[in-house]
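Welcome! Here is a short briefing on ring contacts, written for someone who likes to look at the geometry directly.

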Amino acid sequence: MYQNILDIECSNKDLFNAAITHPSYTKENNMPAKMSYERLEFFGDSVLKLYSSQLLINKFPDYDEGKLSKIRSILISDATISQIAFDIGLNKIIKLSEAEEKQGGRNRESNIACAFEAVLGAYYLDGKDKEIKSFLEYQLNKYIEEIDKNFAKYNAKAVLQEYTQSQTKELPEYKTINITGPAHKPIFEVEVSYCGKILSKAEGKTKKEAEQNCAYQACKELGIIEDK
């Protein structure tokens, strides 16, 4: 049964169906907008922030609000959340329009992350708050230590921006220079430049990931992040 995708039973079938329905599907089938995942995503986003914040507070009692916020932003980013969603097979059951399906929407991070948050919202409204908390603790703990240990890598864009602004007030500029691979699984190549000079180039499964990898390489080249 789809309703136990998180190994948690959802007794409200209509609520769960809405959580796995992309807005393109409701438009294509002339369904009310409220039958898509958008409203539940809005709610589920808050559920995710609540439980991830509680987890981090307990995990790092000595970290200040600023450090906790930065770790949380990475922990609940589309890149991380969509990976969890892919791992549990959520992408396989999302309802998409034909056009969105052809454009690779089933493997698009943003779609999968939104659906994941919507599913959290659906379970929470179904009274499964304790089960959600346990599920998220198990899933997020897989990533927390990695993020904390390699924080500089995940935070490289912010580090590079702070450095460049301290030098000349100018910002680094990111440019997508190539996209390869099939439409449903593209690889982005990005370069970052500063004051007209190209600092580095890197690839990623998404534009954001490529930019982050690019910034990390640039920071190492500039000596502002230690090359491990």
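## Rings and charges

K67 lies over the face of Y63, 4.4 Å from the centre of that ring. A second ring is involved too: the charged end of K67 sits over F151, at 5.2 Å from the ring centre. Please keep in mind that this is a predicted model.

**F16 and Y123**

- The ring centres of F16 and Y123 are 6.0 Å apart with the planes at 70 degrees, so this pair is edge-to-face, the class for angles over 60 degrees.
- F16 belongs to helix 1 (residues 13–19) and Y123 to helix 7 (residues 109–125), so the pair ties together parts that are 107 residues apart in sequence.
- Both partners, F16 and Y123, are buried.

**F116 and F135**

- Here the centres of the F116 and F135 rings lie 6.3 Å apart and the planes meet at 40 degrees, so the pair counts as tilted.
- This pair links distant parts of the chain, with F116 in helix 7 and F135 in helix 8 (residues 129–149), 19 residues apart.
- F116 has a relative accessible area of 1% and is therefore buried, because the cut-off for that label is under 20%.
- F135 is also buried, at 10% relative accessibility.

**Where helix 7 comes in**

- Helix 7 holds Y123, the partner of F16 in helix 1.
- F116 is in helix 7 as well, and its pair links to F135 in helix 8.

Conventions. Residues are numbered from 1 along each chain as its sequence is written. This is a predicted model: local features need pLDDT of at least 70, side-chain atom pairs count only at pLDDT 80 or more; totals for chains, interfaces and linings use all residues. Side-chain values use heavy atoms; hydrogens and water are left out. Rings of Phe, Tyr and Trp (its six-membered ring) pair if their centres lie within 6.5 Å; planes under 30 degrees apart count as stacked, over 60 as edge-to-face and the rest as tilted. Helices (H or I, at least four residues) and strands (E, at least two) are DSSP runs, numbered from the N terminus. Buried means under 20% relative accessible area, exposed over 50%, partly exposed in between (1.4 Å probe, protein chains only). A charge sits over a ring if NZ of Lys or CZ of Arg is within 6 Å of the ring centre and within 35 degrees of the ring normal.
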